[in-house]
Amino acid sequence: MTLRNQAILGVLAALAPLLAACGGGGDNAIDVAGGTVLQNAIVVNTRDGSLSAGMNLHVEGGKIRRITAQPLRATGAAQAFDVSGKYVVPGYLDMHAHAVHRADGNPPYWPLMIASGITGFREESDSPANIERGNALNRDSAAGRVLAPEVIFHGGEAHLNPAISARDASDAGAPSFDHLGAGWGLIMDCSSEEQTLRAAALAGSLKPPFPPTFVTNPRAYDGAQNAPFYQRILDTYDESKCAALSKVFVKNNTWQTLTLIRLRTQVYGNDPQYRNDPNLAYVDKSTRAIWQEVGDQFAKLPASAVATLQQFYELQKRVSRLMKQNGVKMMTGSDFSGDMSVWLVPGISLHQEFRELAAAGFSPLEILQMATLDPAEFMGRQATLGTVEEGKNADLVVLDANPVADVANLGRISAVVLKGRYLSAAALEKMKADTAAAIARQ
Ligand SMILES: [Zn+2]
């Protein structure tokens, strides 16, 4: 080596830290001294489904600090994870759940929810005690004392009062409906005999739910008892009325949390795919026994009544799709709660919801948006939620395959980043296994 070359090398060596710090080093890498680095990710833009390959993410302090095509080098306390070929999306939001009551349970619902990619959920049971417990949980998880999704309180359920049409409720300022209004709900607005049928319902011509002691799945039994009434709504369905109702929702910015899986499990209470679901290993033994009993009771319902309710569910899916196509704003929600929500396994039920939405004709991108971008808009939290961008919360799901190509890929979870903490596939599997083991010991 010549003296001159030695001198140049000496200057470069002196400059190296400076160059590395501003990203202009010889190897082009940016040093990161803390937090977590995801290397070589494919970032999914939830606004339009476009993909940015070869991106490196730095998350620290619960936030996404940097997203860059330049290499990031973890130094000091920073940890790096190679996610080559993996797709990064925002953490999923279950916008209708009942989970805070299990905050101190054994096991709580959090491990299953996190392993399912859920980094935040809207708690619908907003009693003062639940709000206090939920807020304490948020403080504990923000401080790293517990691993839990964010608890979001945003008003309670907005079931539709049967006395009021969905149109009038929307005009009166209802911010959102859950379960398409529950029961016959807003589908009544789409009947050509709406006035007559609503008057009949209010006049008390409907029968009470049966069996009266069995409260776990009341709407299904109520519906079975009143199947002729539901059949009349089916027979008088007028799609133009539903299209007009969609326009009212759009005008008033009335949102929908469909919870299709909740509606389906109520009218397929004896479906072997639920009774034999291997995920029941994550459900309390006492709850499982109740659900199996619901299945047994459901099998005794008159076949023609069940057929009517199942046709009604098909119409609910059709109306959901129609409203979405007409621009009605929507969010994903599962409505799992424990023994009251038959066949809904915490966390996993959100993926069942994704599949129901796909079966109803929603595109994978629409479903991804309803779990991320759309709830962020509903809550006015676009600054921190809904997209994978610098400054947003470091709540992410790393997927093995492109979620925009196939809705099933939303469930192919390779890792979850919760408040900046990287949870590998192995860590997530252990969380699920520990839950199953705790249940087995019950
Ligand atoms: Zn609910």
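**Cavities, a pocket and a helix pair**

Mentor: The second largest cavity has a volume of about 60 Å³, a volume being the space filled by probe spheres set on grid points joined across faces, edges and corners. This is a predicted model, in which local features need pLDDT of at least 70, side-chain atom pairs count only at pLDDT 80 or more, and totals for chains, interfaces and linings use all residues. Residues are numbered from 1 along each chain as its sequence is written, and side-chain values use heavy atoms, with hydrogens and water left out.

Trainee: How many cavities of 30 Å³ or more does the structure hold?

Mentor: There are two. On a 1 Å grid over the protein atoms alone, a cavity is a set of points where a 1.4 Å probe fits but cannot get out; a pocket is an open set with protein on both sides within 12 Å along at least five of seven lines, and lining residues have an atom within 4 Å of a point.

Trainee: Which residues line the second largest cavity?

Mentor: Its lining includes Pro90, Gly91, Thr119, Lys392 and Asp395. By class, that lining has three nonpolar, six polar and two charged residues. Here Ala, Val, Leu, Ile, Met, Phe, Trp, Tyr, Cys and Pro count as nonpolar, Asp, Glu, Lys and Arg as charged, and the others, Gly among them, as polar.

Trainee: And how much space lies in the largest pocket?

Mentor: About 250 Å³. Among the residues lining the largest pocket are Ser116, His351, Arg355, Glu429 and Lys432.

Trainee: Which helix gives the most to that lining?

Mentor: H16 does, with four residues. Helix H13 (348-359) and helix H16 (425-440) each supply at least two; helices (H or I, at least four residues) and strands (E, at least two) are DSSP runs numbered from the N terminus.

Trainee: Changing topic, at what angle do H9 and H12 cross?

Mentor: The axes of H9 (residues 260-267) and H12 (residues 303-325) cross at roughly 165 degrees and come within 9 Å. Axes are lines fitted to C-alpha atoms, for helices over the stretch in contact, with angles from 0 to 180 degrees between N-to-C directions. The two helices are therefore roughly antiparallel, a term for angles over 145 degrees.

Trainee: Which residues of H9 make the contact?

Mentor: Leu260, Leu263, Arg264 and Val267 do, meeting H12 residues that include Val306 and Tyr313; contact means heavy atoms within 4.5 Å.

Trainee: Where is proline 107 found?

Mentor: Proline 107 is in the loop between strand E8 (92-97) and helix H2 (110-115). A cis peptide bond joins it to asparagine 106, with omega about 0 degrees.

Terms used. Angles under 35 degrees count as roughly parallel, over 145 as roughly antiparallel, 65 to 115 as roughly perpendicular and the rest as oblique.
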